Amino acid sequence: MSTTAVDVHHEHRERGFLAWALRWITTTNHKEIGTLYLIFALLMFFVGGAMAMVIRLELFQPGLQFVEPHFFNQMTTMHALIMVFGMIMPAFVGFANWMIPMMIGAPDMALPRLNNYSFWLLPFATSLLLLTLFLPGGAPAAGWTMYPPLVLQGGDSFPFMIFAVHLLGVSSILGAINIIVTIMNMRAPGMALLKMPMFVWTWLITAYLLIVALPVLAGGVTMLLTDQFFGTSFFEAAGGGDPVMYQHIFWFFGHPEVYIIILPAFGIISQVIPTFSRKPLFGYASMVYATAAIAFLSMIVWAHHMFTVGMPLGGQLFFMLTTMIIAVPTGVKIFNWTATMWRGSLSFETPMLYALAFLFLFTIGGFSGLMLAIVPADFQYHDSYFVVAHFHYVLVPGAVFGAFAGAYYWLPKWTGVMYDEKLGKLHFWLTAIFVNVTFFPQHFLGLAGMPRRIPDYAAQFTDFNMISSIGAFGLGLAQLIFVWVVVKCALGRGEKATAQVWEGAEGLEWTVPSPAPLHTFDKPPHVE
Amino acid sequence: MKTGFRAWAGILLVTGLAVTAPALGDWQLNMPRGVTTTSREVYDLHMMVLWLCTIIAIGVYAAMVIAIVRFRKSAGAKPAKFTHNTRAEVIWTTIPALILVGLAIPSAETLILMEDARGSELTIKVTGYQWRWHYDYIDDGVRFFSSLDQASNAARRLRSGIDPTTVDNYLLEVDNPVVVPVDTKVRLLITAADVLHAWWVPEFAIKKDAVPGYVNEAWFEATETGTYRGQCAELCGRDHAFMPVVVNVVTQEEYEAWLEERRAEMVTQAF
């Protein structure tokens, strides 16, 4: 496993702010671009998080104390758009950029300039989206799902939202192409597909899903645009169209989208658990096949988001059955992670803590997902807080904990410094506790009959809303600890990290020094 | 160990009772059993899948906890090297698949029942507006709008100064409720006038989207008289939270009397 000598051109200190800025604007290096994505995602985490704080503040008590209902709807819409497109997806692309080339023994991504362009689309697109908060009429307020006809009542913000979604989509599609080309063409000799680390596999599959799903979203929002400005009536009955057709188009994207979000997290968990169990991943081939099965199934379940639209019975039965089937490969993954731990030798550093919390809490989200699949029961759950609880469990202690696990796991490799383990554990425990205080009561609210996307509620929903809001405030504050952990590492304040970092870690990334030099694997390593 | 077991059994029992208890008002944990022929089936399906998930969760979490406790490096555990166990994998793939089949059959049966509106004795057209409902008893010539009641509407204004807890059925009261006779199969034809809405009454286990330009069908048969409240369940703009649904289920005589009253009102109104 070879590493390169320090590259003189890149490692000498830049002179002046302009040179430094230009370096970061024009970099084509996968590590620097990875860092850009991760920092951007962290920033968006707080922007989207602030919107969540506004939501939970208003929902703390019945009655309206702080914001008008229209602004509240802007907050729920923007919170989701920012978190999905501005936070979690860029975060995992950041991980992909940093780690995939190193994990396959490649010197960089296949298309480095395209890589740079894919990143810089993001700040531009999210600025466009965020500036709508200052337009007359405010930001989009029809939900991140943008259903017509309501979304067409959207005012000035509407075209900005469509354009932003287009740009965000292009960024992801280009990134996906880059990832597929890199993985298929630049693996070191000896690294067969079924020898690749699970993180690489899950990203390969995710990249294909992105290419299937995002163009469909682009088509759908373009149809919204033409309905609004160019006289079409795709989604208006008076002109021969159907609002429900939009929902089909959106969710054909939307369901694979949620697997796009979770598959990289699955990949990270498959790296972390074997390391801290000091034992190889159980059932590697099954894990690959299960991931592929999940990805395939994810493309034929979309209408389970639409069970109340008035679908024919046959359609409802089909989507109920395909949705239930996804539980099988998902269960296989949970069992295989547990079997990896079984008769291992476990230690509980922060990455492992996040991975274990993922196992417990993502499973709760999985169970509520199974419940949602049962159509007659879904008639009660749909558009209630039960759904909000479900997706926050799979997104927050699911995807976000996966990202935290990966961040703590690879921070020493990125920065050359061990993160502060005490602070990491503090961040973990506060986050894990508050995430449950925030979202578990929302199951009860949904079952008791509280609809979603409402700024005010009937008196009987008060107690659990209060608890949920308190949890949310704690959850938000706890994330500041993570910022401090990252800043300390970036400043070099911590114990120096070795190349190996973790006793049980396996893989090519642990054969290069920490911090990883700007250029690694200029000559491909040989893999047995 | 024995004490531990009894404590856990006790906790499970209390939780089980709490969850299966009827609606408790505040702190309500569970879906209501409801008052229609189908709502009870829906509740039973919900409870079945909930218990199933609980049992599986107990098993899976037990395995995780045992692994975390028994195989700690700090307790001296040495790692094994196995990477497969084909038999285990086959078992934990086929058993969940079989469980799902067992779950799918009653679910499909209930769904088929709920989608069958034949034999309805009364039809009401329901139209969602921004931000109120309109009801049209198409065979009886009675129609009216149903809007959030005055007391709630005043209290819900931003910084109204009115404490919502002083308003009866805050956000769940209307000026003109729907009235239907008990033990009667009622068919709803649901549509919208502007944007998407959804008509939801938890105690009937009915939720159906109101799609402008299209008509959706739902039915219920209430077996108990009483007043049942629900809300719009599809984001429809600014006042989505403020267009509730109220249904009074009354005796046949009371229903006919109400119908007469409304007809008389409509004749004297320029409706």
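Helix 5 (residues 252–268) of chain B lies across strand 4 and strand 10 (245–250) of chain B. The helix runs at about 140° to strand 4 of chain B. Axes here are lines fitted to C-alpha atoms, for helices over the stretch in contact, and angles run from 0 to 180 degrees between N-to-C directions. Helices (H or I, at least four residues) and strands (E, at least two) are DSSP runs, numbered from the N terminus. The model is predicted: local features need pLDDT of at least 70, side-chain atom pairs count only at pLDDT 80 or more, and totals for chains, interfaces and linings use all residues. Residues are numbered from 1 along each chain as its sequence is written, while chains are lettered from A and ligands numbered from 1 in the order in which they are written.

The predictor gives the complex an ipTM of 0.93 and a pTM of 0.94. Chain B has an average pLDDT of 92, and 90% of its residues score at least 70. This score is the predictor's confidence in each residue, from 0 to 100. Over residues 20–24 of chain B, pLDDT stays under 50. For this stretch the model has three contacts beyond four places in sequence. Two residues are in contact if their C-beta atoms, placed from the backbone, lie within 7 Å. Where pLDDT is low, the predicted coordinates should not be read in detail.

Chain B contains five helices and 10 strands. Of its 271 residues, 37% are buried. A residue is buried if 20 or more other C-beta atoms lie within 10 Å of its own, exposed if 12 or fewer, and partly exposed in between; these C-beta atoms are placed from the backbone. Among contacts in chain B between residues at least 6 apart in sequence, 67% join residues at least 24 apart.

Five strands of chain B form an open sheet. Their order is 4-10-9-6-7, and the pairing is mixed. Strand 4 (178–181) and strand 7 (206–210) of chain B stand at the edges. Each has a single partner strand, so one side of each is left without a neighbour in the sheet. Neighbouring strands of this sheet are turned by 25° against each other on average, direction ignored. Strands of a sheet pair through backbone hydrogen bonds, either parallel or antiparallel. Here, two strands pair if DSSP finds at least two bridges between them. Strand 6 (residues 197–201) of chain B is joined to strand 7 of chain B by five bridges, and the two run antiparallel. Within this pair, B:Trp200 has B:Lys207 in strand 7 as its bridge partner.

A further pairing in chain B links strand 5 (residues 185–192) and strand 8. This pair is antiparallel and spans six bridges. B:Leu189 is bridged to B:Glu217 in strand 8 of chain B. Strand 8 (residues 216–221) of chain B has five of its six residues buried, so it is largely enclosed by the rest of the structure.

B:Ala62 is found in helix 2 (residues 37–70) of chain B. With 10 C-beta neighbours inside 10 Å, B:Ala62 counts as exposed. B:Ala62 and B:Asn153 are 91 residues apart in sequence, and their C-alpha atoms are 50 Å apart in space.

In chain A, the axes of helix 4 (residues 69–104) and helix 6 (residues 157–185) come within 11 Å and cross at roughly 15°. The two helices are therefore roughly parallel to each other. Angles under 35 degrees count as roughly parallel, over 145 as roughly antiparallel, 65 to 115 as roughly perpendicular and the rest as oblique. Residues of helix 4 of chain A making the contact include A:Phe85, A:Met89 and A:Val93. Those of helix 6 of chain A include A:Leu168, A:Ser172 and A:Gly175.

A cis peptide bond joins A:Pro148 and A:Pro149, with omega about -5°. A:Pro149 lies in the loop between helix 5 (112–131) and helix 6 of chain A. The peptide bond from A:Ser514 to A:Pro515 is also cis, with omega near 0°. A:Pro515 lies in the segment after helix 16 (462–490) of chain A. A:Val501 lies in the segment after helix 16 of chain A. A:Val501 is not a glycine, yet has a positive phi of about 55°. With 18 C-beta neighbours inside 10 Å, A:Val501 counts as partly exposed. A:Phe521 lies in the segment after helix 16 of chain A, and its phi is near 55°, a positive value in a residue other than glycine. A:Phe521 has 24 C-beta neighbours inside 10 Å and counts as buried.
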